[in-house]
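Biologist: Before we turn to details, could you walk me through the way pockets, ring pairs and burial are read from a model?

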Amino acid sequence: LNSKNLSLLLNTCSGGVLAANLVVEPLELDFGGVTVGSNRELSLTLRNTGTTSAGVSDLTITNPRFRIMTPATPFDIAPGGQQAVNTRFTPETTDAQTATLTITSRDPNRPKLQVLLKGNGTGSCTFSLNPASRVIGPEAATGSFAISTQAGCSWKAISNNPRVTITSSDIGSGNGTLNYSVTALTNSFGT
């Protein structure tokens, strides 16, 4: 090498033309409606439009209902190359969910890229009581019912009998226990 070639190489490097340039498409993944207990996978693409390798050191998501399936980090994307990032949404509740996927890389201009993830947990709620029913006698009593349902399914208990008072919270979401008390039956003679 002569000093002229070395100088040209140094000027090219210090001039900023050698750099990774990471581009993500799309900037939002909408999983739509997904039945509670199942999942849906969607992919985004990372492209390196720069002239040096783009090293991705981390992929993080702010909501555990969304996951990165592949690839494992760290990984490199060659100049002109691309990498698919596969994500999964697994709702546990029947409501809207959002998350931010953060991509951390060696891109000098944008070391962190963010993608919005969103989806809706769907499905009908089913409820069961244990015991399924209970006979109330004339004496005072207390008891409880175990309520079973999917996470995120709301319930409200109402007593239509003036002798029965709900002694625990009468509203809930997901599995729960409903406590009640029964007043003794009295006759019209006061006994």
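Predicted model: local features only at pLDDT ≥ 70, side-chain atom pairs only at ≥ 80, totals over all residues.

Biologist: Which strands each supply at least two residues of the lining of the largest pocket?

Modeller: They are β11 (141–148), β12 (154–156), β13 (164–166) and β15 (176–182). The space in the largest pocket comes to about 350 Å³, and of the 16 residues that line the largest pocket, Phe-145, Ile-158, Ser-159, Val-164 and Leu-178 are the closest to its centre. Sorted by class, the lining holds 11 nonpolar, 3 polar and 2 charged residues.

Biologist: What lies over the face of Phe-145?

Modeller: Arg-134 does, at 5.3 Å from the ring centre of Phe-145, a ring that belongs to one of the residues closest to the centre of the largest pocket.

Biologist: How is a pair of aromatic rings described?

Modeller: The description uses the distance of the centres and the angle of the planes. In this structure the count comes to 4 aromatic pairs.

Biologist: How far apart are the ring centres of Phe-66 and Phe-89, and at what angle are their planes?

Modeller: The centres are 4.6 Å apart and the planes at 20 degrees, so Phe-66 and Phe-89 form a stacked pair. Here too distant parts of the chain are linked, as Phe-66 is in strand β5 and Phe-89 in strand β7 (residues 82–89), 23 residues apart.

Biologist: Are Phe-66 and Phe-89 buried or exposed?

Modeller: The cut-off for buried is under 20% relative accessible area. Phe-66 has 3% and is therefore buried, and Phe-89, at 0%, is buried as well. Phe-31 is also buried.

Biologist: How does Ala-141 count at 34% relative accessibility?

Modeller: Ala-141, which lies in strand β11, counts as partly exposed at that value, because 34% falls between the limits of 20% and 50%. Leaving aside residues up to four places away in sequence, Ala-141 touches Ser-181 and Val-182. From Ala-141 to Tyr-180 the separation is 39 residues in sequence and 8.5 Å in space, C-alpha to C-alpha.

Technical notes: Residues numbered from 1 in each chain as written. Heavy atoms only, no water. 1 Å grid on protein atoms, 1.4 Å probe; cavity = no way out; pocket = protein on both sides within 12 Å on 5 of 7 lines; lining within 4 Å. Points joined across faces, edges and corners; volume = space filled by probe spheres on them. Helix = DSSP H or I, 4+ residues; strand = E, 2+ residues; numbered from the N terminus. Nonpolar A, V, L, I, M, F, W, Y, C, P; charged D, E, K, R; others polar. Phe/Tyr/Trp six-rings, centres within 6.5 Å; stacked < 30°, edge-to-face > 60°. Buried < 20%, exposed > 50% of the residue type's maximum accessible area, 1.4 Å probe, protein only. Lys NZ or Arg CZ within 6 Å of the ring centre and 35° of its normal. Contact = heavy atoms within 4.5 Å.
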